Amino acid sequence: MAVNFLLFVFFLASQFIAGFTTELPPSEYGNVVTILSIDGGGIKGIIPAVILNHLEKALQVKDKEASLAKYFDVIAGTSTGGLVTGMLTAPHPEDPTRPLFTAEEIIKFYIESGPSIFNETSGWSLIYRGPKYDGKFLHSLASELLKDTKLSQTLTNVVIPTFDIKKFHPVIFSKFKVNTVPSLDAKLSDICIGTSAAPLALPPHYFENDGDEFNLVDGGAAATNPAMSAVSEVMKQKGGRPTKILLLSLGCGTRESTSINAKDAMNFSVLDWGLHGQPLGAYDSASKDMSEYYLANAFPNLQSSHNYLRIQEYNMDPSNDAIDNATIANMEKLVKVGESLLNQQVLKMNVDTYKPEEKANQGTNSEALDKLAETLYKVKQFRQKKNMMEKFMGRPLLKTIPNPFATTS
């Protein structure tokens, strides 16, 4: 009798499995944490938005309800990337299961709101005692869009670096930490305003939450490229357990640096350094290069073409490189930069020479994003079917596959 019952169970299970419309993906897809990282760059946030629009549409070919928040376990952003992160992960007021913005809507957001965000303060000059832009429009807009949404309420895990000028250390707003550090569970609008507060351009942002004070400036002071911050948060949560990471890292474009030699710089004054733009250039470029360096050395498996895709324009036209050039003409050019970037060959940063190199047989960024969409879809499909099987059998079916959302105590 017991044998007949077992045969019946196996038969029923086989019929259940056969009912799936597609083949169950390999088990390798179960042990993957998917991460999206978006650099800082002001109005140049249009560029990664164009890239994300391509990816989101590729996902929607397979899943018409697809959104980036549903396919990435972690979305990280610095400065303008933090603002994009907030818009991609805040729940929509009319349907809390979908995000506030699609990638396509974010492109429109920049074009429609950019000129008002970067509306120069009357009478501003290099000796003006105050930021170039008063930030009032951005503050009002962020509060209006994100309302009272808190970090803990985002549709997926979020990591947004900022820098506190009073405490004088980075503050990483991570959804992973809100239970252990309640003060980090702040309004998403405050976090986005804080990470976007580029010194000289926008005012520092002060707010209080859960008895703690925050005096925040641009997250780029800590991490212009937040990829390493996101990976570190994931590894901490995984408690050292073996973890596969699938990382998409998007830049906002950078022009080739104007170099100087030591002999010429020997007698530079403070003004000379400023005129050559070296301090700001180092602030931006060094941070991005060090992120690439740490990722390459601390997580060598990410160097596989299947695990890590970095999309960045390394030779921006200097006329398009400003973070605050929000003229219609320039924003339209930035859209074209993003579209052109899709057709460029996949590049990999050589962390010995710090020169981007073409990755053999990887095709264009557009083709790489299409492959990424396929992988993301298979990861999600695997998880859904695993969960269905566990519910059907009444117990965990694949104990060897860790849950990428699980946190350690």
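Which element of the chain has the lowest mean pLDDT, and which the highest? In this predicted model, helix α1, residues 2–18, has the lowest mean value, 44, while α2 has the highest, 97. Across the chain the mean pLDDT is 82, and 78% of the residues reach 70 or more.

Two stretches call for caution. Over residues 5–25 the pLDDT is below 50, and this stretch has 16 contacts in the model beyond near neighbours in sequence. Residues 397–402 also stay under 50, with 13 contacts beyond four places in sequence. Where pLDDT is low, the predicted coordinates should not be read in detail.

Two packed helices are described by the angle between their axes and the distance between the axes. Helix α2, residues 46–62, and helix α14, residues 365–393, have axes that come within 9 Å and cross at roughly 45°. At such an angle, α2 and α14 are therefore oblique to each other. The crossing in which α2 passes α14 is right-handed. On the α2 side, the residues that meet α14 are Ile51, His54, Leu55, Ala58, Leu59 and Lys62. Their partners in α14 are Ser366, Leu369, Asp370, Leu372, Ala373, Glu374, Leu376 and Tyr377. By class, the residues of this contact between α2 and α14 are nine nonpolar, two polar and three charged.

Helix α2 also packs against helix α13, which covers residues 328–342. Here the angle is about 45° and the axes are 8 Å apart, so α2 and α13 are oblique to each other. Again α2 makes a right-handed crossing, this time as it passes α13. From α2, the contact draws on Ile46, Ile47, Val50, Ile51 and His54. From α13 come Met331, Leu334, Val335, Val337, Gly338, Glu339, Leu341 and Leu342. The contact of α2 with α13 has ten nonpolar residues, two polar and one charged. Ile51 and His54 of α2 take part in the contact with α14 and also in the contact with α13.

The last stop is a pair of annotated positions. An unreviewed UniProt entry gives the annotation "active site" to Ser79 and Asp218. These residues span 140 residues in sequence, yet no two of their C-alpha atoms are more than 5.8 Å apart, so they gather at one spot. Ser79 itself lies in the loop between β2, residues 74–77, and α4, residues 80–89.

How values were computed: Residues are numbered from 1 along each chain as its sequence is written. This is a predicted model: local features need pLDDT of at least 70, side-chain atom pairs count only at pLDDT 80 or more; totals for chains, interfaces and linings use all residues. Side-chain values use heavy atoms; hydrogens and water are left out. Axes are lines fitted to C-alpha atoms, for helices over the stretch in contact, and angles run from 0 to 180 degrees between N-to-C directions. Helices (H or I, at least four residues) and strands (E, at least two) are DSSP runs, numbered from the N terminus. Angles under 35 degrees count as roughly parallel, over 145 as roughly antiparallel, 65 to 115 as roughly perpendicular and the rest as oblique. A crossing is left-handed if the near helix is turned anticlockwise from the far one by less than a right angle, and right-handed if clockwise. Contact means heavy atoms within 4.5 Å. Ala, Val, Leu, Ile, Met, Phe, Trp, Tyr, Cys and Pro count as nonpolar, Asp, Glu, Lys and Arg as charged, and the others, Gly among them, as polar. pLDDT is the predictor's confidence in each residue, from 0 to 100. UniProt positions are given in the numbering used here, feature names are shortened, and annotations may be inferred rather than shown by experiment.
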